[in-house]
Amino acid sequence: MNGKAKVVTIIGAGAWGTTLGNLAFQNRSSVYLWSRHSGEDLRSVVCTADVVVSAVSIKGVPPTIEKLQKIGLPEGTILLTATKGLDPVTTKTAFHLWREAFPNFPLVVLSGPNLSKEIDRGLPAATVVSSYEKTAAETVQFLFASEKFRVYINDDPLGTELGGTLKNVMAIASGVCDGLQLGTNAKSALLTRALPEMVRVGTALGGRAETFFGLSGLGDLLATCNSPLSRNYQVGYQLSLGLSLAEILERLEGTAEGVNTTEVLIRIAGDKNLYVPIAVQVHRLLQGEITPAEAVTELMRRDLKSEFDR
Ligand SMILES: NC(=O)C1=CN([C@@H]2O[C@H](COP(=O)(O)OP(=O)(O)OC[C@H]3O[C@@H](n4cnc5c(N)ncnc54)[C@H](OP(=O)(O)O)[C@@H]3O)[C@@H](O)[C@H]2O)C=CC1
Ligand SMILES: O=C(CO)COP(=O)(O)O
């Protein structure tokens, strides 16, 4: 299948699924946006699709996979995952879960600095689609690309996905930094140190270092850590104002994947002996073990070291 795909089924009618559906629709694809609450038969909308997009949050990925395995997809259906999270049971990314479940299907990851509300307003943005199957990546590239949405491809799906996943932890830290009004120097230091922390974890999990310096790594880090539109940033910001995590999540519009990702990341870092000082403080903060101000102090009083160690 070359050029623009004709039939796209999006699973998950949350903020991101809806935005992706609009982008494909504007490119003249037939789009079915499926939600658990729609009452529509999933089989009927996936079996006719050229591309099936999973835009559910990470907790929705295992049940979605299970449903599709029971249905059985037509051979050659392209699977696209747009989730940015880590499975709390297996610690795996969505790409891993989809790959294991559908080893013979072309699988593509979409990830980048993509705050859905900005894209909905027609503001320009860029993203990355990544796959080991180049033709599938190109199909998805043409499916979503427009004058308003520039789509790059690469062949490091894990690195691409992990950039978008790990930056959510940093976005919580960044919200704290801004909420406490720590200033531009502190913010710059935080983001600059966040990137090697992401690279350390991302490469240990199979991503390529260079990918983290692209749109899906540094690009998404900058977008999410600087925007009040980011739900993860909002979590950090509101923690710094003294609200409890429970209060924040109750009022939050949509999913902040970084809360779960932090917890899973701390487990992975423990197992693999990875140095993740920012994530450790975000974790302690989310657990209610320390205050935002104490988290900053803990980061600042660590042993002095060489800039490019570990
Ligand atoms: N919003 C954004 O700007 C961006 C979000 N993302 C990522 O996309 C993913 C979805 O985010 P977003 O749409 O914003 O989140 P929302 O909170 O707006 O929506 C949650 C989505 O997850 C699905 N979901 C939740 N729990 C389950 C479950 N148990 N079983 C099946 N489906 C479930 C919902 O499905 P249903 O519709 O059936 O209720 C819905 O589509 C996240 O991983 C996020 O990090 C990536 C880039 C940008
Ligand atoms: O991933 C995103 C932007 O690229 C969306 O960020 P939030 O999930 O923090 O809103």
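I start with the record. UniProt, in an unreviewed entry, gives the annotation "binding site" to Trp-16, Arg-36, His-37, Lys-84, Ser-116, Arg-231 and Glu-257. UniProt positions are given here in the numbering used for this model, feature names are shortened, and annotations may be inferred rather than shown by experiment. These residues are spread over 242 residues of sequence, and also in space, up to 22.9 Å between C-alpha atoms. The lining of the largest pocket takes in Trp-16, Arg-36, His-37, Lys-84, Ser-116, Arg-231 and Glu-257 from this set. On a 1 Å grid over the protein atoms alone, a pocket is an open set of points where a 1.4 Å probe fits, with protein on both sides within 12 Å along at least five of seven lines, and lining residues have an atom within 4 Å of a point.

Some ground rules. This is a predicted model, where local features need pLDDT of at least 70, side-chain atom pairs count only at pLDDT 80 or more, and totals for chains, interfaces and linings use all residues. Residues are numbered from 1 along each chain as its sequence is written, chains are lettered from A and ligands numbered from 1 in the order in which they are written, and side-chain values use heavy atoms, with hydrogens and water left out.

Now ligand 1. Where does ligand 1 sit? Ligand 1 sits in the largest pocket, where sitting requires more than half of its atoms within 2 Å of the grid points. Of the 24 residues around ligand 1, Ala-13, Trp-16, Arg-36, Thr-255 and Glu-257 come nearest; a residue counts as near if one of its heavy atoms lies within 4 Å. That shell divides into eight nonpolar, eleven polar and five charged residues. Nonpolar means Ala, Val, Leu, Ile, Met, Phe, Trp, Tyr, Cys and Pro, charged means Asp, Glu, Lys and Arg, and the others, Gly among them, are polar.

For the atom pairs, an oxygen atom of ligand 1 is 2.9 Å from a polar backbone atom of Trp-16. The side chain of Arg-36 has an N or O atom 2.8 Å from an oxygen atom of ligand 1. A polar side-chain atom of Arg-231 is 2.9 Å from an oxygen atom of ligand 1. Taken alone, ligand 1 exposes 880 Å², and the protein buries 86% of that; areas come from the Shrake-Rupley method with a 1.4 Å probe.

Next, ligand 2. The space taken by ligand 2 is also the largest pocket. Helix 9 (215-226) and helix 10 (231-240) are the elements that give two or more residues to the shell around ligand 2. Helices here are DSSP runs of H or I with at least four residues, strands are runs of E with at least two, and both are numbered from the N terminus. The residues around ligand 2 include Lys-84, Asn-114, Asp-220 and Thr-224. By type, the shell holds three nonpolar, five polar and four charged residues.

How far is an oxygen atom of ligand 2 from an N or O atom in the side chain of Arg-231? The distance is 2.4 Å. For Lys-167 the corresponding value is 2.9 Å, and for a polar side-chain atom of Ser-230 it is 2.7 Å. Ligand 2 alone exposes 300 Å², of which the protein buries 92%.

Technical notes
Polar contact = N/O pair within 3.5 Å; in protein donor to acceptor, adjacent residues only side chain to side chain.
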